[in-house]
Amino acid sequence: MDGDFVIGGVFSIHNSKGTIQYNYTTIPEIQRCTGSTDFRDVRLSRAMIFAIEEINNSTELLPHIKLGYQIHDSCAALPVTVHATFQLSNRLDQSFDTDENCSQSGMVVGVVGDSGSTLSSIMSRILSPFYIPQVSYFSTCACLSDKREYPNFFRTIPSDQFQADALAKLVKHFGWTWIGAVRSDSDYGNNGMASFLLAAQKEGICVEYSISFHRTNPRSQIQRVADVIRRSKATVVVAFIGNADIGLLLEELSFEASPPRQWVGSEAWVTSQDLLQYKFCVGAIGFGIEQSVIPGLREFLMDLSFTKVASSTLLTEFWQDAFNCKVGTFTTTGERICDGTEDIQMLQNPYTDTSQLRITSMVYKAIYAIAHALHTTLCQNTNSTTHCDKYKWIESKQVLTQLKKVKFNQNGYNVSFDANGDPVAKYELVNWQKNQSGSIEVVTVGYYDASLPAGQEFQIKRNIMFMGGVSEVPKSVCSDGCAPGTHKVLQKGKPVCCYDCVPCPEGKISNATDSLDCLPCPKEFWPNRERDTCMPKPVEFLSYDEVLGIMLAAFSIGGVCLTIMTAILFFQHRTSPIVRANNAELSFLLLFSLTLCFLSSLTFIGAPSDWSCMLRHTAFAITFVLCISCVLGKTIVVLMAFKATLPGSNIIKWFGQPQQRMTVACITSVQVLICTIWLVVSPPFSMKNFTTYKTRIILECVLGSAIGFWAVLGYIGLLAAFCLVFAVLARNLPDSFNEAKLITFSMLIFCAVWITFIPAYVSSPGKFTVAVEIFAILASSFGLIFCIFAPKCFIILFKPDKNTKKHVLTKNKL
């Protein structure tokens, strides 16, 4: 249609082009598109005509200016597209009307098209030198956003970059980390899939396979793609494919049963009504262009009479394909002649289906965008009226400049372009769901708006049906998730989504699913059996609540009671010969020190503190030296008493009662001095031992100064050695002085206990170190009381006839 200004349109109305034989002797014929008509693209081209007529009838947009149009069929072929683009870029010669006004009648001010990204890129390269703006309604390749390569390119459909990000977030939302990828071998498929794979990698999604094909490939290539999908372990298939390509693939898959697959589709095919016949794709999910309502469009599409159709070659072919008849009088055998009784209202095909106007609205917006840019270039607003000068000389570059600034609202939808010529990305999340009648329909279940803040772009409004027609989300992972207590270990040579779940090493936990590594527990904690929680380590020390502590405490108390009973018995018979003959004063002092020895063992039981650590070691050291000094005093007394019986000896006066007390005091004071120095320089202290056992804490006393500890033990050992030597020297004295033999036995036991104590003490772990020390104290104390006092108590209690002076002074055995 002619007009003051012309808008060009390029649509893939046919699905193939004719073949031309070149003989190089005559001018080649113009290539013609052949095959059946694409009903959807016929609707799109008619929508362009509807929008232009609507603008021509408007009093607000381009008043008194008539827009014309040139619509070309590219039949989705590069040569035809190039030819159509050159036709649109050739301006008509300027004409002069009767008023001698220079007119630009027929000037192409903008081009709408094409649907394919590859075709649009070719068109842009041809049109850009002429600064003719191009607005595509269905070319989504992110590559077209490059203004250096395509400075004149705009589109009303969002770029695939936004869709790729949205698809990656959708796949991640449902926990699908192991997917297959299929794409068209075209600019749309290759660039769109490249953007998706990059976005998927950022989301932690792995791809089992990524394959491509084109509808022009041999069938063997399409069969190979179908076989890869059938054999793969990935349940989810992300398809960045054109509408025509996916139809061939689904048809190939329908020939042979294959495992159920969850299809995730791009907007190029996921809203196509033609593909709903493949029921094994029920549950498919993807993003579609927003639906819109275009008032009056359906009535315009249906306003096709047989007379109008006959006057248009395109509409004639459409009519013939739609009603399967032949327009004209000449037909072949079996063909029905179209007689005008056909009712377009009864048609049910993509041309008449206006229930979900998606791509159609993109064409509608593209026409209005060019019209608004032309309006800004030609028209001026004065006194609330708009005046447009159709004779104003304009350049295509001016329209291109104004198109970049376009911003308007049409039928409730905002239209504008960013610096890359892209609109705001808004999608509907659509789902193929089975209705009550058993057929499949495309249902909108959510939305995606890239203009919203991060994390809020994606919204699901209603239930989704997945593969097989169920509401349960299918699994598509290379490896099942690692439970808490384990961590991922990547499988060699495989993507990061393929891993083994390995239990956390000793001392570490993981408290989340799919942990990459295990975290060590704090020093005072240890993992539980499942290794998913750090539990406080049990604190170990020799306590009164456990059997070992109770037994040792019982023996200590028993030793104290036995010592006190012995002291009481000796006190009651203090005037008896056997008590008086064995140095009663030192005996009572020895019993007192033994009582302290038994009591000192109790300080080793219970939770150690700094004070208890200092007390237990010093009390043990001093009481034992007091005990040994008494034994040593008794031994010396025996030896001195024997020497005093020799003629002319007066040595006994040098070792009387005062001297005995002084000896015990001096010997004990040396140990007190050693302990004092130890406590001042580096005293014992309590400490939590984390090294002996990994699973528990040993609460123990640290010696502080090891020199001090071994000095204390060394002094006790030195005294015990002297005692043993003196007792051995006195073992053959007359029977009246036979206490030396008892002392010898007691010292032998004492030395044996403490000699074995040293290696046992060093090698015993934890609380058993304390138990060994207590055992040594109790064993040596019981050895002393049994060896020295038990025989005398036996005589006092059971052999009183031997507790006489005569018996003590004779050589009778005790």
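This section describes the overall dimensions, nonpolar cores, salt bridges and backbone geometry of a predicted model.

The protein chain comprises 814 residues, of which 50% are buried. Its secondary structure amounts to 21 helices and 30 strands. The radius of gyration of the protein chain is 53 Å, whereas a compact globule of 814 residues would have a value near 28 Å. In keeping with this, the C-alpha trace extends over about 175 × 65 × 50 Å along its principal axes. Ser763 belongs to helix α19, which covers residues 739-763. This serine counts as exposed because its relative accessible area is 57%, above the 50% cut-off for that class. Among contacts in the protein chain with a separation of 6 or more, 68% join residues 24 or more positions apart. The accessible surface of the protein chain comes to about 38,500 Å², and carbon and sulfur atoms contribute 58% of that area.

Nonpolar side chains in soluble globular proteins tend to be buried together. In the present model, the largest nonpolar core contains 101 residues, and within it Leu62 and Phe196 have the most contacts. Helix α11, spanning residues 359-378, is the main contributor to this core, supplying 13 residues. The surroundings of Phe196 were examined with residues up to four places away in sequence set aside; on that basis, Phe196 touches Ala164, Leu167, Ala168, Val171, Ile179, Val238 and Phe240. Another core, of 67 residues, lies apart from the largest one and includes Leu552, Phe709, Ala720 and Ile785.

Nonpolar residues also occur at the surface. Leu673, Ile677, Val680 and Val681 make a nonpolar surface patch of about 420 Å². Of these residues, Val681 is located in helix α17, which covers residues 657-681. Val681 is classed as exposed because its relative accessibility is 65%, the cut-off being 50%.

The whole structure contains 16 salt bridges. In one of them, the side chains of Arg155 and Asp422 meet at an N to O distance of 2.7 Å. Arg155 is in strand β9 (residues 153-155) and Asp422 is in the loop between β18 (413-416) and β19 (426-434), so this pair ties together parts of the chain that are 267 residues apart in sequence. Both Asp422 and Arg155 are buried.

A further salt bridge pairs Glu428 with Arg358, their closest N and O atoms being 2.8 Å apart. Here too, distant parts of the chain are linked: Glu428 is in strand β19, Arg358 is in the loop between α10 (313-323) and α11, and the two are 70 residues apart. Glu428 counts as buried because its relative accessibility is 6%, and Arg358 is likewise buried, with a relative accessible area of 3%. The threshold for this class is a value under 20%.

The salt bridge between Lys694 and Glu506 has its closest N and O atoms 3.0 Å apart. Lys694 occupies the loop between β29 (685-689) and β30 (697-702), while Glu506 occupies the loop between β23 (499-503) and β24 (508-509). This pair also links distant parts of the chain, its members being 188 residues apart.

Most peptide bonds are trans, and most residues other than glycine have a negative phi. The peptide bond from Gly113 to Asp114, however, is cis, with omega near -10°. Asp114 is placed in the loop between β7 (107-112) and α3 (117-127). Positive phi values in residues other than glycine include that of Asn411, near 55°, and that of Asp514, near 60°. Asn411 falls in the loop between β17 (407-410) and β18, and Asp514 in the loop between β24 and β25 (519-520). Asn411 is partly exposed, with 33% relative accessibility. Asp514 is also partly exposed, with a relative accessible area of 29%.

Notes. Residues are numbered from 1 along each chain as its sequence is written. This is a predicted model: local features need pLDDT of at least 70, side-chain atom pairs count only at pLDDT 80 or more; totals for chains, interfaces and linings use all residues. Side-chain values use heavy atoms; hydrogens and water are left out. A nonpolar core is a set of buried Ala, Val, Leu, Ile, Met, Phe, Trp, Tyr and Cys residues joined through side-chain atoms within 4.5 Å. Buried means under 20% relative accessible area, exposed over 50%, partly exposed in between (1.4 Å probe, protein chains only). Helices (H or I, at least four residues) and strands (E, at least two) are DSSP runs, numbered from the N terminus. Contact means heavy atoms within 4.5 Å. Patches are made of residues with over 30% relative accessible area and no salt bridge: like charges are joined within 9 Å, nonpolar side chains (Val, Leu, Ile, Met, Phe, Trp, Tyr) within 5 Å. Accessible areas come from the Shrake-Rupley method with a 1.4 Å probe; for residues, only the protein chains shown count as cover. A salt bridge is a side-chain nitrogen of Lys or Arg within 4 Å of a carboxyl oxygen of Asp or Glu. The radius of gyration is taken over C-alpha atoms; the globule rule is 2.2 Å times the number of residues to the power 0.38.
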